[in-house]
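Please keep the sequence and the structure in view while reading.

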Amino acid sequence: MDFIQTSVSYYVSTAGKFGGPARVALQKSGKQRCSTAHTAQPQRIEVVKLAQKLREIAVLEYEDALDLQQGQLEKLAAKTKTIADFQTELQHLPDEPKLLRRLDGVRAVFDSGFVEPSCSQSPVTLLRDLMGDTKNWDELIADERLRSWMLLRRCHSGVIDSDFGKVRQGIHWDELRSPTGAITRKTAWYVRAPCQCPYRYTREPVLPHFIPPWLEAVIARWLGNICGNNLPDSVNFNLYENEDQGVAWHADDEALFGGLQGDCTIVSVSLGGARRFQAARSLGNLGPRLVYDKASLCEVDLGHGDICTMEGFFQKHYIHRVPAARSHSCEPRINATFRWIKHHTGKDCPLHCEDS
């Protein structure tokens with residue numbers, strides 16, 4: 001635990017140059033952690049809290065460092081060695097995969113030597129390659145170091161003009177509201193029987209509906225020549241009825257889909273009016289706020305029939321959103337997000353396993 005004390009002292013002494021608010025918090029919490037480090041309390045609890053605090057400070061420093069001169073940037077980059085050393089130190093602790101993932105986002109930004117498994121080490125087949133249809137796809141993000149891809153296929157012929165009305169009328173919608181009570185969007189969660197896993201946006205779960213025959217036919221028409229015979233077994237619909245509605249920065253990293261442990265493929269079909277879609281590398285949480293790497297921001301307008309995929313470790317290293325478009329009016333839009341369930345976490349689901 002001497003390493004933890006050293007790390008606390010190091011970050012307290014340097015954080016003031018970049019992240020003043022976090023420095024005070026760490027001084028207070030760091031003393032407490034050091035004083036309890038040699039007690040009988042489990043090490044894991046202290047390390048989890050400290051790892052999160054180091055991450056918050058690194059985020060603050062990174063945001064401020066964007067405006068610093070090159071010499072100061074080099075000093076900031078040198079700190080990644082300390083983060084990497086700290087990560088190595090954690091490996092002997094229980095549940096180390098969860099602990100290590102807390103620091104992976106920081107290392108991915110600061111440490112150019114940090115890489116996810118390469119395609120040669122662990123082959124991955126992107127959907128554009130599955131059916132030999134590469135010419136119709138555009139690469140929006142191709143981050144091989146972080147094993148993360150976002151691809152776009154414009155105006156897919158499998159999506160027809162009447163699909164928006166058919167889906168809007170045929171789906172059972174639930175309203176999602178902000179803390180102030182405003183409707184942020186309508187949503188619906190459909191799964192292939194016999195799965196009964198709910199989908200959790202917040203504390204309140206969205207209960208599942210079974211995919212009906214008419215929707216199965218629509219899914220086959222949309223995705224049959226993209227996914228082949230292995231069609232997704234779940235779809236999350238979001239309806240944005242006007243320009244004031246959207247969804248904040250997030251990652252689809254729920255345990256259902258296993259996006260933090262391995263490759264996770266998401267296929268998104270747009271219906272109706274065009275809306276701006278944004279994605280960027282995640283820098284983790286700064287309090288309740290998700291912070292992104294502004295230099296990596298990718299923006300694209302998605303219209304009717306456009307199909308966007310996020311593949312590999314994208315949900316581990318990137319976040320995305322549909323911002324409100326209050327500066328101009330927008331036609332209603334539906335987004336259908338398709339995924340494959342890897343871990344049936346619902347307690348009432350007949351496919352549930354305790355290890356999920």
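## Aromatic pairs and charges over rings

A search of the whole structure finds 8 aromatic pairs, where rings of Phe, Tyr and Trp (its six-membered ring) pair if their centres lie within 6.5 Å, and planes under 30 degrees apart count as stacked, over 60 as edge-to-face and the rest as tilted. In one of these, the ring centres of Trp189 and Phe257 are 6.3 Å apart and the planes stand at 75°, so the pair is edge-to-face. Because Trp189 belongs to strand 4 (residues 183-191) and Phe257 to the loop between strand 9 (247-250) and strand 10 (266-272), the pair ties together parts that are 68 residues apart in sequence. Trp189 and Phe257 are both buried, a term that means under 20% relative accessible area, with exposed being over 50% and partly exposed in between (1.4 Å probe, protein chains only). Ring pairs also link Trp173, Tyr190 and Phe237 into a cluster.

Charged side chains are found over rings as well, the criterion being that NZ of Lys or CZ of Arg is within 6 Å of the ring centre and within 35 degrees of the ring normal. Arg147 lies over the face of Phe313, at 5.8 Å from the ring centre, and the charged end of Lys294 sits over the ring of Tyr292, 5.5 Å from its centre.

## Basis of the model and overall make-up

The structure is a predicted model, in which local features need pLDDT of at least 70 and side-chain atom pairs count only at pLDDT 80 or more, whereas totals for chains, interfaces and linings use all residues. Residues are numbered from 1 along each chain as its sequence is written, and side-chain values use heavy atoms, with hydrogens and water left out.

The chain holds 10 helices and 16 strands, which are DSSP runs numbered from the N terminus (helices H or I, at least four residues; strands E, at least two). Of its 356 residues, 51% count as buried. Among contacts (heavy atoms within 4.5 Å) between residues at least 6 apart in sequence, 76% join residues at least 24 apart.

## Strand 16 and its partners

All 7 of the 7 residues of strand 16 (333-339) are buried, so the strand is largely enclosed by the rest of the structure. In a regular strand the side chains alternate between the two faces of the sheet. Here both faces are covered, with Arg333, Asn335, Thr337 and Arg339 buried on one side and Ile334, Ala336 and Phe338 buried on the other.

Strand 16 runs antiparallel to strand 8, to which 7 bridges join it, and Asn236 stands opposite Thr337; strands are taken to pair if DSSP finds at least two bridges between them. Strand 10 is likewise joined to strand 16 by 7 bridges in the antiparallel sense, with Phe338 as the bridge partner of Val267.

## Helix 8 and Asp163

In helix 8 (residues 163-170), Asp163, Phe164 and Val167 are buried. Seen down the helix axis, the buried residues fall within an arc of 100° (taken from the directions from the axis to the C-beta atoms), so they line one face of the helix. They pack against helix 9 (213-227), strand 8 (234-240), strand 10 and strand 16.

Asp163 has a relative accessible area of 1% and, not counting residues up to four places away in sequence, touches Gly158, Arg221, Trp222 and Leu271. Its C-alpha atom is separated by 8.3 Å from that of Val218, which is 55 residues away along the chain.

Strand 1 (residues 138-143) and strand 2 (residues 148-153) pair in the antiparallel sense over 5 bridges, and Glu139 has Leu151 as its bridge partner. The two strands form a hairpin with 4 residues between them, and Arg147 in the turn has a positive phi of about 55°. Arg153, in strand 2, is buried at a relative accessible area of 9%, and its side chain is joined to that of Asp133 by a polar contact of 2.8 Å. A polar contact is a pair of N or O atoms within 3.5 Å; within protein, one must be able to donate a hydrogen and the other to accept it, and residues adjacent in sequence count only if both atoms are side-chain atoms.

Glu311 lies in strand 14 (residues 307-312) and counts as buried at 1% relative accessibility. The side chain of Glu311 reaches the backbone nitrogen of Leu127 at 3.0 Å. Leaving aside neighbours within four places in sequence, the contacts of Glu311 include Arg147, Leu151 and Cys264.
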